[in-house]
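Reader: Could you walk me through the charged contacts in this protein?
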Amino acid sequence: MIKGMGRALNFAWKWRGGATGIREDELEVQRGDHMVPATLFTPNYARSPLPGWVVLHGLTRPGRHHPNLLRFAKALAGSGAAVLIPEIPEWRELHLAPEEAGATIQAAVLQLSGMEGILPGHVGLMGFSMGVSHVLYSATDPALKGSLRGIAGFGGFGDMERTIRFLFRGEHEWEGTTRELDPDPYGRWVVAGNYLPRLEGYETAADVAECLLQLARGAGDLQIGAWEACYDSMKDDLLRSIHPSRRDLFRALAPASGHRPPVEITEHLAPLLAQAAYDDSPSARPVSFLGEIPVPVRLVHGRGDRLIPFTESLRIAEAFPADSDVRVYLTGLFSHSQAEKGGGTGAGEPGVEEQLNFVRILADILTLV
């Protein structure tokens, strides 16, 4: 833990003060029969061999070039590690693409593990948001046995249907206590945009799905919160391209700013969308394979997260077998949603205790490799 604390303090220093002394190299990762771009970050003046991290960029338009991700990756490299961020092109278009994501993860872990200057057997894997279920599932891949040392997940989900219900209505529950937040509609647009035309009775709703994805892409391009009123005019424009018989469906899934989808459509669509996700990939149901993960897992979630509620990481941790090496941490210093202050807590600049707690969390994560 002492070594981990030193790494965590180096991370915190680089995060706050700017990560100077970090080398950035563009390279490619062989994914199946073609190459995908990637970025490798390494400290300029560090003793080798180095531990390594493969970090996924999440379902965002900027992909591996997202400013917050770049800041994170450079600080992580500044802690004394090599950091590889492979591009998942499908995710930049907001297509969930589980097979392509899995192939990218496998290729990136194996490539980083085999690089000169990387400590053998000391490569970890990090995922954010929807990517957490993919990194957890990848840990069960026999091809990565001996190459992957640990998993870190930030803001993941444990139950897809509960998560979708939250994205529609903002309610989440843990141990009998129900809480409510104003949900970030970005997640609802992405999930429905990917799965709506696969549902029975909605096969012709491809126009609705594409308009939802266009909304989400617009939010990603503008880097303005998807809940803001500036998107209402975009919704009106998109509505004109949808068949009149399906415009009410679009209005229900993308209501005006400050409004949520009707309860009736939530109750109808949430289980159907979840089942479509389950049919698409085993990674959509993490509780079904957690017992097969052979490496330590650390989960981190923001208490005020408006995209996936913190109760979902608690749900993941609870579903692991009792003898698993898994820990879950809640913090006020992490949030999915753009333009939230105080890590999504709404409380402004976090206090000293919150910052120290996050350093302790980082120390535990960084000792995984």
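Predicted model: local features only at pLDDT ≥ 70, side-chain atom pairs only at ≥ 80, totals over all residues.

Reader: How many salt bridges does a search of the whole structure find?
Author: The search finds 28, where a salt bridge is a side-chain nitrogen of Lys or Arg within 4 Å of a carboxyl oxygen of Asp or Glu.

Reader: Which residue does D182 pair with?
Author: D182 forms a salt bridge with R306, and their closest N and O atoms are 3.4 Å apart. This pair links distant parts of the chain, 124 residues apart, with D182 in the loop between β8 (177-180) and α7 (185-195) and R306 in the loop between β9 (297-302) and α12 (311-319); helices (H or I, at least four residues) and strands (E, at least two) are DSSP runs, numbered from the N terminus.

Reader: And is R306 buried or exposed?
Author: R306 counts as buried at 14% relative accessibility, whereas D182 is partly exposed at 39%; buried means under 20% relative accessible area, exposed over 50%, and partly exposed in between (1.4 Å probe, protein chains only).

Reader: Moving on, what does R246 bridge to?
Author: R246 forms a salt bridge with D207, with the closest N and O atoms 2.9 Å apart, and both R246 and D207 are buried.

Reader: Which residues are linked in a network?
Author: Salt bridges link R61, E93, E210, R217 and D221 in a network.

Terms used. Residues numbered from 1 in each chain as written. Heavy atoms only, no water.
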